[in-house]
Amino acid sequence: MTTKNNWLPPLQKEIILLLSKEGPLTKHGIAKKLDKSYKNVDFALNSLETKKLIEPSGTKHYRNQRFNTYWLTLKGVVEAFVNGASIQQLKVLTENVLKQKSEHLDVFFDLMASLKRKNARKILGMIDFSNGRPRLISIDLNIMNEKETRKVLRVVKKYESYRRKVKQALQSVIDELEA
């Protein structure tokens, strides 16, 4: 799904970048800020939702009606970063939208920052996004070169619980090689 650099159509990319700067918005708010037709924005949002890059994040009330606001999923955050969004702004907005600060989010954003923008999608294979909380599940050395692997290990090393897990996994690999 994500090996090409420009796999999103232009309007979808614009929406991802707008959300990364503005935070959650309604369909109408997105159409207005991008100066695009509501119908095109609606179609693009449905496509982004199907790709699991955005999701409803809340509601806005206007004249006794409710309208969904949309925000990036963690996969969408990675995509926004790959397409030029500020990592600091993404982190602040994500913590505000999710209403949580956690070690898992810190590891997620540190891992993203440690890789070049074009390679940031590689962390999608290392992290489990179920329940909206990123958890490191693997460090696949086959998808990274030695330099990237060292950077990722330096990031993981800063976090005690992750360091223990990686150390145990590496020890089991060493034990198996010696057997």
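Strands β1 and β3 run antiparallel and are joined by 2 bridges. In this predicted model, leucine 25 stands opposite tyrosine 70 in β3. The pairing belongs to an open sheet of 3 strands, ordered β1-β3-β2 and paired in the antiparallel sense. β1 (25-26) and β2 (54-62) stand at the edges with a single partner strand each, so one side of each has no neighbour in the sheet.

Two of the facing positions can be named. Isoleucine 54 has leucine 72 of β3 as its bridge partner, and tyrosine 62 stands opposite glutamine 65 in β3. The two strands form a hairpin with 2 residues between them, and arginine 63 lies in the turn.

Which backbone value stands out at arginine 63? Its phi is near 50 degrees, which is positive in a residue other than glycine. Lysine 52 also has a positive phi, near 60 degrees, and is likewise a residue other than glycine. Lysine 52 is found in the loop between α3 and β2, while arginine 63 is found in the loop between β2 and β3. Is the side of arginine 63 buried or exposed? Arginine 63 has a relative accessible area of 69%, so this residue counts as exposed. Lysine 52 is exposed too, with a relative accessible area of 54%.

**Helix packing**

Helix α3 (residues 38-50) lies across β2 and β3 and runs at about 135 degrees to β2. The other side of the description concerns helices. Two packed helices are described by the angle between their axes and the distance between the axes.

| Helix pair | Axes come within | Crossing angle |
|---|---|---|
| α1 and α3 | 9 Å | roughly 80 degrees |
| α1 and α5 | 8 Å | roughly 70 degrees |

By type, the residues of the α1-α3 contact divide into 7 nonpolar, 3 polar and no charged.

Helix α1 (residues 10-22) also packs with helix α5 (residues 87-98). α1 and α5 are therefore roughly perpendicular to each other. Leu19, Ser20 and Lys21 of α1 make the contact with Gln89, Leu90 and Leu93 of α5. Which types of residue take part in the contact of α1 with α5? There are 3 nonpolar, 2 polar and 1 charged.

**The nonpolar core**

The largest nonpolar core has 48 residues. Which of them touch the most other members? They are Ile15, Ile30, Leu72 and Met112. Leaving aside neighbours within four places in sequence, isoleucine 30 is in contact with Ile15, Leu18, Leu19, Leu25, Val41 and Leu45. In soluble globular proteins, nonpolar side chains tend to be buried together.

Glutamate 95 lies in helix α5. Is glutamate 95 buried or exposed? Its relative accessibility is 11%, and glutamate 95 therefore counts as buried. Not counting residues up to four places away in sequence, glutamate 95 touches Gln100, Lys101, Leu105 and Asp106.

Valine 92 also has its place in helix α5. With a relative accessibility of 47%, valine 92 counts as partly exposed. Valine 92 and glycine 23 are 69 residues apart along the chain, and their C-alpha atoms are separated by 9.7 Å.

Notes
Residues are numbered from 1 along each chain as its sequence is written. Side-chain values use heavy atoms; hydrogens and water are left out. Axes are lines fitted to C-alpha atoms, for helices over the stretch in contact, and angles run from 0 to 180 degrees between N-to-C directions. Helices (H or I, at least four residues) and strands (E, at least two) are DSSP runs, numbered from the N terminus. Angles under 35 degrees count as roughly parallel, over 145 as roughly antiparallel, 65 to 115 as roughly perpendicular and the rest as oblique. Contact means heavy atoms within 4.5 Å. Ala, Val, Leu, Ile, Met, Phe, Trp, Tyr, Cys and Pro count as nonpolar, Asp, Glu, Lys and Arg as charged, and the others, Gly among them, as polar. A nonpolar core is a set of buried Ala, Val, Leu, Ile, Met, Phe, Trp, Tyr and Cys residues joined through side-chain atoms within 4.5 Å. Buried means under 20% relative accessible area, exposed over 50%, partly exposed in between (1.4 Å probe, protein chains only). Two strands pair if DSSP finds at least two bridges between them.
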